[in-house]
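Subject: Structure handover

Hello,

Here is the structure you will be working with. Please open it first; my notes follow below.

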There are 2 protein chains.
Amino acid sequence: MSQEEVTTRDRILNALQRVLFEEGGSGVTLEKVAAEAGVSKGGLLYHFKSKTDLFDGLARRYRHLEERRIAEARRSGVVEAFLRASEIESPESAAGLWTLMTALRGREEMSETAREDVLFIFNGWAEAIHDQLDDPVTAEIVRLVGDGLFLSAVSGAPVPGPEVTERILDRLKEAAGEG
Amino acid sequence: MSQEEVTTRDRILNALQRVLFEEGGSGVTLEKVAAEAGVSKGGLLYHFKSKTDLFDGLARRYRHLEERRIAEARRSGVVEAFLRASEIESPESAAGLWTLMTALRGREEMSETAREDVLFIFNGWAEAIHDQLDDPVTAEIVRLVGDGLFLSAVSGAPVPGPEVTERILDRLKEAAGEG
DNA sequence: ATTAGTGTACCGTCCGGACGGTATAGTATC
DNA sequence: GATACTATACCGTCCGGACGGTACACTAAT
């Protein structure tokens with residue numbers, strides 16, 4: 001439990017992300033996640049008292065992560081930060097967020113607090129973008145392009161090549177007066 | 001079985017969309033869909049021999065629908081048609097496509113043919129857009145904005161108001177030289 | 001014209017397995 | 001002696017899918 005080592009709780013959440021990535025939302029079972037994390041089922045239930053609680057924990061962790069990213073982006077320039085965050089760095093991480101979003105509507109097995117955490121992320125980015133850009137239409141375009149990037153990357157739909165992405169970024173930054 | 005009446009098969013698929021909309025992907029059970037369609041479980045299984053087959057049927061129907069829309073859009077102007085199609089007319093319909101997309105990665109319970117049908121839709125729109133716009137960067141922006149619109153509408157993330165949407169549309173049509 | 005047979009479109013029930021969750025006894029570390 | 005687990009056993013429920021009917025329309029031979 002020293003500072004640099006990852007807690008068991010975090011290992012379990014990472015395992016959940018991996019299972020989500022490999023098998024999708026309906027492939028998640030407590031036993032699988034426990035095994036993937038190298039814990040027993042009892043051990044998992046010690047940290048998360050139900051499956052719902054487990055998903056809540058993941059949503060909460062995403063929220064904290066994105067809160068930090070958004071704050072940083074407000075300093076460094078939102079357009080670039082948001083668009084870069086939307087192309088996916090870690091497929092496992094994206095798959096988790098994706099599943100959570102999917103569960104947003106029609107609560108499948110997600111609690112109200114998890115729903116709020118996920119919405120917080122989207123609203124947080126939207127606010128940051130609108131705060132920094134004067135023109136609301138440009139701001140919306142930036143937001144939508146980012147969401148589109150996220151959707152494409154995570155769903156297997158066609159993704160623009162890296163050099164096209166760069167040119168999109170340049171064009172939007174120019175329109176936004178950033179950079 | 002005359003022309004104007006909807007087949008039982010279609011009624012079952014509509015029921016699936018409704019259940020998907022109300023309860024999400026993991027809320028789908030054969031019994032629920034059957035009840036919603038006003039058929040027995042046995043009756044459902046007569047038309048679709050497994051749950052996978054049921055989802056396949058839905059994907060196939062989407063594909064046919066979008067094929068027609070894309071062909072029409074090539075005549076009437078892709079930018080407007082695509083963006084209008086991406087803001088959602090029917091939430092039930094969108095929820096179904098959304099679930100299918102979610103299942104694209106990590107096959108949960110979707111067959112290869114369903115995956116192909118869904119990818120066909122996305123690639124079909126992408127091709128139509130790129131065919132009609134000279135500048136590939138603009139084309140990609142249009143595509144991404146549309147995907148972002150879809151994502152927002154269906155996930156509960158913030159949606160631009162109608163007048164902002166119109167202005168986005170105008171700006172993109174201008175950039176594309178359409179209309 | 002009746003009989004027999006065939007295909008289609010269903011209904012209702014049952015079974016086996018998977019899964020969420022509970023419980024409990026034990027272990028190791030701090 | 002509290003914390004952080006392991007391991008195992010168990011229960012109740014839900015669900016996919018198989019199966020055995022049923023009803024009815026249509027055809028074909030007698």
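**Domains of chain A**

The C-alpha centres of domain 1 and domain 2 of chain A lie 24 Å apart. Keep in mind throughout that this is a predicted model. The domain assignment puts residues 1-49 of chain A in domain 1 and residues 52-176 in domain 2. Their contact draws on nine residues from domain 1 of chain A and twelve residues from domain 2 of chain A. On the domain 1 side, the touching residues are five nonpolar, two polar and two charged.

**Fold of chain A**

Chain A has nine helices and zero strands. Along the sequence the pattern reads α-α-α-α-α-α-α-α-α. The radius of gyration of chain A is 18 Å, close to the 16 Å that the globule rule gives for 179 residues, so chain A is as compact as a globular protein of that length. Along the principal axes, the C-alpha atoms of chain A fill a box of roughly 55 × 35 × 30 Å. Of the 179 residues in chain A, 41% are buried. Now the contacts in chain A with a separation of 6 or more: residues 24 or more positions apart account for 65% of them.

**Chain A against chain B**

How many residues does the contact take from each chain? It takes 42 residues from chain A and 42 residues from chain B. On the chain A side, at least two residues each come from α1 (8-23), α6 (91-104), α7 (112-132), α8 (136-155) and α9 (162-176). Of these, α8(A) gives the most to the side that touches chain B, with 14 residues. By class, that side of chain A divides into 20 nonpolar, twelve polar and ten charged residues.

**Around DNA strand D**

There are 15 residues around DNA strand D. Which of them come nearest? T8(A), G42(A) and G43(A) do, along with T29(B) and K51(B). Helices of chain A and chain B supply this surface: α3 (41-47) of chain A, α2 (30-37) of chain B and α3 (41-47) of chain B each give at least two residues. The most comes from α3(A), with four residues. The surface near DNA strand D holds four nonpolar, seven polar and four charged residues.

**Where to look**

Best wishes

Conventions:
Residues numbered from 1 in each chain as written. Chains lettered and ligands numbered in written order. Predicted model: local features only at pLDDT ≥ 70, side-chain atom pairs only at ≥ 80, totals over all residues. Domains from an automatic or database assignment. Contact = placed C-beta atoms within 7 Å. Nonpolar A, V, L, I, M, F, W, Y, C, P; charged D, E, K, R; others polar. Near = placed C-beta within 6 Å. Rg over C-alpha atoms; globule rule 2.2 N^0.38 Å. Buried ≥ 20, exposed ≤ 12 C-beta atoms within 10 Å, placed from the backbone.
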